[in-house]
Amino acid sequence: MNVYKKLQAARAKLHKTPLGKSGKNSFAKFNYFELADFLPEVTEIFNDLGLCEVINFNTDTATLTIHDADSEGQIVFTTPLVYADMGKVQSIQNLGATHTYIRRYLYLLAMNVLENDVVDAAEPKAPPKAEPKPEPAPKPEVKQLDMKGKPGDWQIKITGEGEWDALIMDSAKILLEIAESPEDCVNIFKVNHTIFEKMKQEYPTQYTELMATFKARKTALTKE
């Protein structure tokens, strides 16, 4: 009897052997064969017929080779190697689960044992939840500027957008530089009084600095 006849005889004996399915898939509600449900019977049948099986794992595939102990005949069954992924367990545990799972399917393939056409003992993975896209940060409100003092030679007028304290500081300093008398300094302040008051409320530090500049320029002009 060659290796093919022996394997066919082994299949026939196994199919006549009552086997229980101890694996349970609670999600899909069916039972399935675990390795321990049929491997002892397969081993006994192979021993009686003079068959020996050897399993090898490569990088991408796993093979089950059935050898005829009475000749050099052999039959090879091959399956792609897919690694188990059981979440938070250690890598060696994932490797053990992979080996057990692949061995089971190789034996089912070799012995023509039918199973449910589903992935056994594993609930289907839920589709990955889409990561919520972060809401864009609200853009800072841009201040629209329309500030001006009273009409006149010393009027400060600011239009546009953005922070305005530096613009007021620079404008006032330019006017003070061209002032020719203490009275000019007083007039600069009076004409732009409303702007300086707003500056006092929103930028008190800059306002204090500007008033010190007014005082210094007025003192310098008084001495001239």
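The legends below describe close-up views of side-chain contacts in a predicted model. Local features are reported only where pLDDT is at least 70 and side-chain atom pairs only at pLDDT 80 or more, whereas totals for chains, interfaces and linings use all residues. Residues are numbered from 1 along each chain as its sequence is written, and side-chain values use heavy atoms, with hydrogens and water left out.

**View 1. A salt bridge between Asp 68 and Lys 6**. The structure holds 4 salt bridges, a salt bridge being a side-chain nitrogen of Lys or Arg within 4 Å of a carboxyl oxygen of Asp or Glu. In this one, the N to O distance between Asp 68 and Lys 6 is 2.6 Å. Because Asp 68 belongs to strand 4 (residues 61-68) and Lys 6 to helix 1 (residues 3-15), the pair ties together parts that are 62 residues apart in sequence; helices (H or I, at least four residues) and strands (E, at least two) are DSSP runs, numbered from the N terminus. Both Asp 68 and Lys 6 are buried, where buried means under 20% relative accessible area, exposed over 50% and partly exposed in between (1.4 Å probe, protein chains only). Lys 6 and Asp 68 are also linked with Asp 70 in a network of salt bridges.

**View 2. A salt bridge between Glu 209 and Lys 173**. The closest N and O atoms of this pair are 3.8 Å apart. Glu 209 lies in helix 7 (residues 204-223) and Lys 173 in helix 4 (residues 165-178), so the contact ties together parts that are 36 residues apart in sequence. Glu 209 is partly exposed at 42% relative accessibility, and Lys 173 is partly exposed at 28%.

View 3. Glu 202 is partly exposed, with a relative accessible area of 35%, and Lys 198 is partly exposed at 35% relative accessibility.

**View 4. An aromatic cluster of Phe 189, Phe 196 and Phe 214**. The whole structure contains 4 aromatic pairs, counted when ring centres of Phe, Tyr or Trp (its six-membered ring) lie within 6.5 Å, with planes under 30 degrees apart called stacked, over 60 edge-to-face and the rest tilted. Phe 196 and Phe 214 form an edge-to-face pair, 5.5 Å centre to centre with 75° between the planes. Phe 196 is buried at 0% relative accessibility, and Phe 214 is buried with a relative accessible area of 8%.
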